[in-house]
Amino acid sequence: MSAYDRYRALLNKLRLVRARHPEGDSPEEDGLLDAMDEVWMEMSEGERSAIDTERARVLGVPESPAADAAVPS
């Protein structure tokens, strides 16, 4: 399984954990975020750009500037 595929799987798990624990942080969420950081570092810039919009939506963070530049106007 590629780093991209592993990251997407972790992102989906995080989405489910957050749905079960809408009140905030949980130990399971913390572990997933740590694992996601490790896999993120293994991914190429292209892979990161490809998942940036979905990542931003799930994590509740703004998209990276590089992702904004890649979207046609």
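The buried residues of α1 are A3, Y7, L10, L11, L14 and V17, where buried means under 20% relative accessible area, exposed over 50% and partly exposed in between (1.4 Å probe, protein chains only). These residues cover an arc of only 125 degrees around the axis, so they sit on the same side of α1; the arc is that of the directions from the helix axis to the C-beta atoms.

The model is a predicted one, in which local features need pLDDT of at least 70 and side-chain atom pairs count only at pLDDT 80 or more, while totals for chains, interfaces and linings use all residues. Residues are numbered from 1 along each chain as its sequence is written, and side-chain values use heavy atoms, with hydrogens and water left out.

The secondary structure comes to four helices and zero strands, with helices (H or I, at least four residues) and strands (E, at least two) taken as DSSP runs numbered from the N terminus. Of the 73 residues of the protein, 27% count as buried. Among contacts (heavy atoms within 4.5 Å) between residues at least 6 apart in sequence, 56% join residues at least 24 apart.

How does the span of α1 fit its residue count? At 1.5 Å a residue, the 18 residues of α1 should span 26 Å, and the end C-alpha atoms are 26 Å apart, which agrees; the expected span is 1.5 Å times one less than the number of residues. For α2, the 16 residues should span 22 Å, and its end C-alpha atoms lie 24 Å apart, again in agreement.

Helix α2 has its own buried set, namely E29, L32, M36, V39 and W40. This set covers an arc of only 105 degrees around the axis, which puts its members on the same side of α2. On the face turned away from the buried side, α2 carries the exposed residues P27, E38 and M41. The cover over the buried residues of α2 includes α1 and α3, and that over the buried residues of α1 includes α2 and α3.

Leaving aside neighbours within four places in sequence, E29 is in contact with L14, V17, R18 and G24.

A search of the whole structure finds one aromatic pair. Y7 and W40 form this pair, which is tilted, at 5.2 Å centre to centre and 50 degrees between the planes. Rings of Phe, Tyr and Trp (its six-membered ring) pair if their centres lie within 6.5 Å; planes under 30 degrees apart count as stacked, over 60 as edge-to-face and the rest as tilted. Y7 lies in helix α1 (residues 3-20) and W40 in helix α2 (residues 27-42), so the pair ties together parts that are 33 residues apart in sequence.
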